[in-house]
Amino acid sequence: VQFPVRFQLGPLTLHAHWLFESLAYFIGFRLYLWQRKRHGDVVNFEHRMWVVAAAIAGAALGSKVLNWFADPHVFWQNWRNPYFLMSGKTVVGGLIGGLFAVEWAKLRLGITARTGDLFALPLCLGITIGRIGCFLSGLEDDTYGVATALPWGVDFGDGVRRHPTQLYEILWLALLALWIYHLSRRAHRNGDLFKTFMAGYFVFRLVVDFIKPGGAIGGLTGIQWACVATLIYYARDLPFLIRVHQPDNSPSESARM
Amino acid sequence: MSLHLNEPEQPAPDSQLSTGAEIFYGLLLTIILHFLQLLLVPLAMANEKAGFIAFSVFGFTQLFYMLPAILYFHRRDGRGLTIGLIIGASITFVLGLPFAGCGYIYATQPNGLH
């Protein structure tokens with residue numbers, strides 16, 4: 001395979017990242033709609049659409065802003081360069097931006113119900129598809145790992161075998177999706193599926209970013225600091241998220257998604 | 001441990017249908033408004049580099065017409081349309097970023113993109 005991979009669609013040459021990112025949004029949203037139809041919703045349609053709009057808008061902005069601070073040294077060197085400011089984005093920032101935008105929208109609309117459960121599995125699937133595009137983009141995408149001598153190291157075209165951190169993430173997301181699906185079939189509190197996704201994903205990113213290139217402040221990159229802050233935000237729920245998987249431990253509010 | 005016992009809100013099928021249609025119209029309006037980007041064509045034709053950069057900032061230049069449209073329909077209580085416009089603009093912003101990345105490479109590499 002020669003990185004970056006491009007797909008030919010008639011006269012059009014599509015970059016793998018753009019293609020898989022578009023597919024990720026489309027398929028993730030279809031899964032979300034299917035789940036909503038199958039399992040119902042805790043808010044009415046209009047409120048749900050406001051939540052979706054807030055989530056997408058917040059994710060778009062958050063993914064951009066955190067990317068600036070992913071490597072603070074690079075940011076300080078390039079903060080006057082408009083093209084640096086416009087390029088790139090990060091999933092972690094998207095999730096945090098989406099989270100806070102949704103909470104803000106719910107506050108404005110007076111929604112008190114937990115609305116995130118329907119997003120948990122679509123996010124797992126969407127990020128998984130998106131990461132395929134990241135992997136196929138090779139060195140053009142800043143999601144590869146540092147050099148490794150391990151047998152599964154991947155040469156993205158510069159002669160250096162690197163950790164395929166995109167594939168690690170896909171594997172982790174598959175396990176996380178199975179765990180969330182398992183939890184959804186059992187007694188759980190409304191909102192626990194989304195919290196499980198967020199906690200699981202941010203723990204992974206906190207760890208895996210140690211084997212990605214990038215400048216650090218205080219031993220952690222900007223993205224890792226964001227992961228730490230988010231995990232602190234969810235710290236109150238973490239013990240319950242672990243205990244809830246034991247049978248007969250919690251009263252059932254609902255076994256639906 | 002307190003539980004978040006929230007009763008599902010009662011669905012209103014007619015209202016859901018009209019809101020859904022409004023959101024669809026909002027997305028459609030987003031696409032139509034994006035034709036305003038054609039105003040960038042003269043700039044794009046100035047030279048190859050300017051053209052590439054002009055279209056790489058698509059996600060940002062849309063703010064000039066999307067923000068007023070969102071505010072207009074929000075004030076006129078066009079909630080579904082507002083939602084559709086916000087979703088459309090956000091998707092445009094996110095999907096436009098890879099082009100911005102290309103623009104960055106183009107502008108910073110001495111020989112542009114090859």
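Residues are numbered from 1 along each chain as its sequence is written, and chains are lettered from A and ligands numbered from 1 in the order in which they are written. Because the model is predicted, local features need pLDDT of at least 70 and side-chain atom pairs count only at pLDDT 80 or more, while totals for chains, interfaces and linings use all residues, and side-chain values use heavy atoms, with hydrogens and water left out.View 1. Strand 1 (residues 6-9) and strand 2 (residues 12-15) of chain A run antiparallel and are joined by 4 bridges; strands are DSSP runs of E with at least two residues, helices are runs of H or I with at least four, and both are numbered from the N terminus. Two strands count as paired if DSSP finds at least two bridges between them. R6(A) has H15(A) in strand 2 as its bridge partner, and the hairpin leaves 2 residues between its strands, with G10(A) in the turn showing a positive phi of about 65°. In the segment before strand 1 lies P4(A), which is joined to F3(A) by a cis peptide bond with omega about -10°.

**View 1. Helix 1 of chain A.** The 24 residues of this helix (residues 16-39) should span 34 Å at 1.5 Å a residue, and the end C-alpha atoms, 33 Å apart, agree with that value; the expected span is 1.5 Å times one less than the number of residues. Its buried residues include F20(A), E21(A), Y32(A) and R36(A), where buried means under 20% relative accessible area, exposed over 50% and partly exposed in between, with a 1.4 Å probe and protein chains only. After helix 1 comes G40(A), with a positive phi near 80°.

**View 2. Helix 6 of chain A.** Of the 21 residues in this helix, 18 are buried, so helix 6 is largely enclosed by the rest of the structure. G138(A), which follows the helix, has a positive phi near 60°.

**View 3. The second largest pocket.** This pocket has a volume of about 910 Å³ and is lined by 32 residues, of which A53(A), A57(A), W104(A), I70(B) and I86(B) lie nearest its centre. On a 1 Å grid over the protein atoms alone, a pocket is an open set of points where a 1.4 Å probe fits, with protein on both sides within 12 Å along at least five of seven lines, and lining residues have an atom within 4 Å of a point. Helix 2 of chain A gives the most to the lining, with 12 residues. By class the lining has 21 nonpolar, 7 polar and 4 charged residues, with Ala, Val, Leu, Ile, Met, Phe, Trp, Tyr, Cys and Pro counted as nonpolar, Asp, Glu, Lys and Arg as charged, and the others, Gly among them, as polar.

**View 4. The loop around D77(B).** D77(B) lies in the loop between helix 5 and helix 6 of chain B, and its phi is near 65°, a positive value in a residue other than glycine. Chain B has 6 helices and 0 strands, and 42% of its 114 residues count as buried.

Technical notes: Points joined across faces, edges and corners; volume = space filled by probe spheres on them.
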